[in-house]
Amino acid sequence: MDLTALPEWQKLQEHKGEIGQRHLRDIFWGDATRAERFSLHAADIFADYSKNRVTDQTMELLFDVARARQVEQLRDAMYAGEKINTTEQRAVLHTALRNQSERQVFVDGRDVMPDVRRVLQHMREFTARVWNGDWRGYTGKQITDIVSIGIGGSNLGPVMVTEALRHYATPHLAVHFVSNIDGTQFSETIRTLNPETTLFVVVSKTFTTDETMTNAATAKKWLLAALGDEQAVANHFVAVSTNAQAVAAFGIDTANMFEFWDWVGGRYSLASAVGLSIMLAIGAEQFDELLRGMYAMDVHFKIAPLEQNMPVILALVGIWNTNFLGIKTEALLPYDQYLHRFPAYFQQGNMESNGKSVTKTGQFITDYSTGPIVWGEPGTNGQHAFYQLIHQGTDMVACDFIGFAQSLNNPDGMETHHRKLTANMFAQAQALAFGKTPDEVRAEGVPAELVNHKVFHGNRPSNTLLLPKLTPYTLGQLIALYEHKIFVQGAIWGINSFDQWGVELGKKLAKDIDTTLQNVDSLEPYDQSTRALIAAWRQLQ
């Protein structure tokens, strides 16, 4: 049955009318246990979702929708290795990458866990060689810099985690990332590097990704210009790929190729060999802790009842905000500078997964919204940028505040920093929920002509996630939490969260235009706007 035709969905529509514009001030008023009822622990994460316009009845109706859309059965099918990526006929098993149990995981009747463990061991052995100096450059010098070349899921996850866990990184090895086909990024990255001590990790499943292979070819030219011998490539390049033939043709020894599988989606791949740059940055032990944290949340998601399941609850609150309250955007607001790339990572995670307008049965969606627009910046920087709109703008933004009870950096003289950071996070959530009324503004002696300018309407939803400390283990939990939230929402919307056909058309057209730009081909095949742009570009050349 279509989503909006479900009796459970229609009951939510009726319920929305009953709640109307009830304000969070009124919802909290006289309810002494609301904060306790609308919060929960999972592993090391405490989640408070009480500052959403939901009641006990709202949540009961949302759980009914989840069951009607068979969220539990789809979850179990994912863990079992069934091909839930229906448009590509692939299993979806990022959970197998961090499986810490002895449980077998089958795809097409074959247990994939021996392969997962083999590649992880290969990564550990390689990392040890680089760390202890056994792996040397062509001229015999020890590696000092790693440059990971990849794009999309082959880049965003490793960048985010490496930045998030910079506190745990080895000081004798710097890790850099190149993703953009804009040559500026490559040029700036290698500006201060020594070819003799630089190791490139080329990440491309097919070894044909245009942006990645263009950058890899440029890196190879840079290396050979300095070292002069094709044999040097094998000392300075390794590959994360499945295309052994192309890897060997590039000059990389296939013994230094780290494989992953078609049941690993790019934006869910950082726990695979795609995370080699992460392991090189923080070491094998800390990488294993990251996997342990992801597994802890995987287990919670798999076994916890819906009513006590953190990813499910956050997903359902998001469904309520998006589909019933008309809130089309979510801000991820980590109050930790180490997580400054976390919003960008889950911008891709959410918008590439659930930015779909076609159901798994091939029907266009016309009567409900799917993936929200996701964005954000770390606090407190964002407070002096876009929080004005969040508090007083005409469009609602649902917010996730993410904070830690303990700082990783608290030297003498900085004792107040983390306390003030946390105070700001709690205050923003409070202000968004409860605001400030005209009477409260007037009571402060504000002139009448300024009263409306200083009113905060409040009633703006947020979740607050609180963790003890940012570690590889807790970061793993946080990543898996958002992955599973995305899965649940996709299941309810009836879409395939694991393909990304929307990136294909632009890539194909870019190849055609690139050929025209190179060869001064006729502009006749193009629309008038593209013809004008190409002509202007040629003139400016």
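**Entry 1: a buried pair.** I looked up Phe 301 and Phe 487, and both are buried. Buried means under 20% relative accessible area, with over 50% exposed and partly exposed in between (1.4 Å probe, protein chains only). I am working on a predicted model, where local features need pLDDT of at least 70, side-chain atom pairs count only at pLDDT 80 or more, and totals for chains, interfaces and linings use all residues. Residues are numbered from 1 along each chain as its sequence is written, and side-chain values use heavy atoms, with hydrogens and water left out.

**Entry 2: aromatic pairs.** I searched the whole structure and got 23 aromatic pairs. Rings of Phe, Tyr and Trp (its six-membered ring) pair if their centres lie within 6.5 Å; planes under 30 degrees apart are stacked, over 60 edge-to-face, the rest tilted. I checked Phe 237 and Phe 250: their ring centres are 5.3 Å apart and their planes stand at 65°, so this pair is edge-to-face. Phe 237 is in strand 8 (residues 237-240) and Phe 250 in helix 12 (residues 244-250), 13 residues apart. Helices (H or I, at least four residues) and strands (E, at least two) are DSSP runs, numbered from the N terminus. Phe 237 is buried at 0% relative accessible area. Phe 250 is also buried, at 11%.

I then went back to Phe 301 and Phe 487. Their ring centres are 6.0 Å apart with planes at 80°, so they too are edge-to-face. Phe 301 belongs to helix 14 (residues 284-303) and Phe 487 to helix 20 (residues 472-493), so the pair ties together parts 186 residues apart in sequence.

**Entry 3: charge over ring.** Lys 220 lies over the face of Phe 250, 4.8 Å from the ring centre. The rule wants NZ of Lys or CZ of Arg within 6 Å of the ring centre and within 35 degrees of the ring normal. The charged end of Arg 34 sits over Phe 38, at 4.3 Å from the ring centre.

**Entry 4: the largest cavity.** Which residues line the largest cavity? I listed Leu 74, Ile 84, Lys 360, Phe 487, Gly 490, Ala 491, Ile 495, Asn 496, Ser 497 and Phe 498. A cavity is a set of points on a 1 Å grid over the protein atoms alone where a 1.4 Å probe fits but cannot get out; lining residues have an atom within 4 Å of a point. Helix 20 gives the largest share of this lining, 3 residues.

Technical notes: On a 1 Å grid over the protein atoms alone, a cavity is a set of points where a 1.4 Å probe fits but cannot get out, and a pocket is an open set with protein on both sides within 12 Å along at least five of seven lines; lining residues have an atom within 4 Å of a point.
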